[in-house]
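Q: Please put the model up, and then let us go through the words used to describe it.

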Amino acid sequence: MNRFANSAETPAFDAPQIVRRTRRRRSVGIAAVAAALIAAGGGTALATSAAGSHSTPAAAATAAAGRDATTMLFNNHGVTIPVDFSTSDLTLAKQVLLKTQTKLGTVTKKAVKGCKPGAVIGVDPHTPKIVNSGDTVNLTLCAG
């Protein structure tokens, strides 16, 4: 029986290959989960901040095309950022204007059916004009 002890070949284990395969599977799994979160909306803030940091005036104007009357394009040191006032009232609009270092111009009220009283329904200048720091922005509010 002892003469057969060393006659069979031992299986070869490629430890580096096993480690590479495990790392590859792990990275593919992480990428799949990240893609699923982004597709489901979990990465919306990340995608928005990444898109906003490299946006061009044309891309920002295209992104804001549906809300032209309430969207202002702000020039932040060469980066154009769309600022949407459609869900704002006068208080929130003033805060945004302070952050962008723009001045509040005239505030007018207009009677429009189906809008919340006091909500911003118009910004001047609006998309596609670009606003810089120190510029004056006029607001139109819903009278009810």
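**Words and the values behind them**

Q: Why does Ala-69 count as partly exposed?
A: Because its relative accessibility is 39%, and the partly exposed class lies between buried (under 20% relative accessible area) and exposed (over 50%), with a 1.4 Å probe and protein chains only. So Ala-69 falls in the class in between. Do keep in mind that this is a predicted model, where local features need pLDDT of at least 70, side-chain atom pairs count only at pLDDT 80 or more, and totals for chains, interfaces and linings use all residues. Residues are numbered from 1 along each chain as its sequence is written, and side-chain values use heavy atoms, with hydrogens and water left out.

Q: Which residues does Ala-69 touch, leaving out those up to four places away in sequence?
A: A contact means heavy atoms within 4.5 Å. With that cut-off, Ala-69 touches Ile-121, Gly-122, Val-123 and His-126. For His-126, which is 57 residues from Ala-69 along the chain, the two C-alpha atoms are separated by 6.0 Å. Ala-69 itself sits in the loop between helix H3 (57-63) and E1.

Q: How many helices and strands does the chain have?
A: There are 4 helices and 6 strands, counted as DSSP runs numbered from the N terminus, with at least four residues (H or I) for a helix and at least two (E) for a strand. In order from the N terminus they read α-α-α-β-β-α-β-β-β-β.

Q: Why is Thr-100 called buried?
A: Its relative accessible area is 8%, which is under the limit for buried, so the word applies. Thr-100 is in the loop between helix H4 (90-99) and strand E3 (103-110). Beyond its neighbours up to four places away in sequence, Thr-100 touches Met-72, Phe-74 and Ser-133.

Q: Why does Ser-88 count as buried?
A: At 9% relative accessibility, Ser-88 is also under the limit, so it gets that label. Ser-88 is placed in the loop between E2 and H4. Again leaving out residues up to four places away, its contacts are Ala-93, Gly-118, Ala-119 and Val-120. Over the whole chain of 144 residues, 19% are buried.

Q: What makes Cys-115 and Cys-142 a disulfide?
A: Their sulfur atoms are 1.7 Å apart. A disulfide is a pair of cysteine sulfur atoms within 2.5 Å, so this pair qualifies. The search of the whole structure finds 1 disulfide. The link joins distant parts of the chain, 27 residues apart: Cys-115 is in the loop between E3 and strand E4 (120-124), and Cys-142 is in strand E6 (residues 136-142). With 65° about the S-S bond, the link is right-handed. Cys-142 counts as buried, at 3% relative accessibility.

Q: What makes the 12 residues of the largest nonpolar core a core?
A: A nonpolar core is a set of buried Ala, Val, Leu, Ile, Met, Phe, Trp, Tyr and Cys residues joined through side-chain atoms within 4.5 Å. The members include Met-72, Phe-74, Val-83, Ala-93, Leu-97, Val-120 and Leu-139. E1, H4, E4 and E6 are the elements that give two or more residues, and E6 gives the most, with 3. Leu-139 touches, among others, Ala-93, Leu-97, Val-120 and Val-123.
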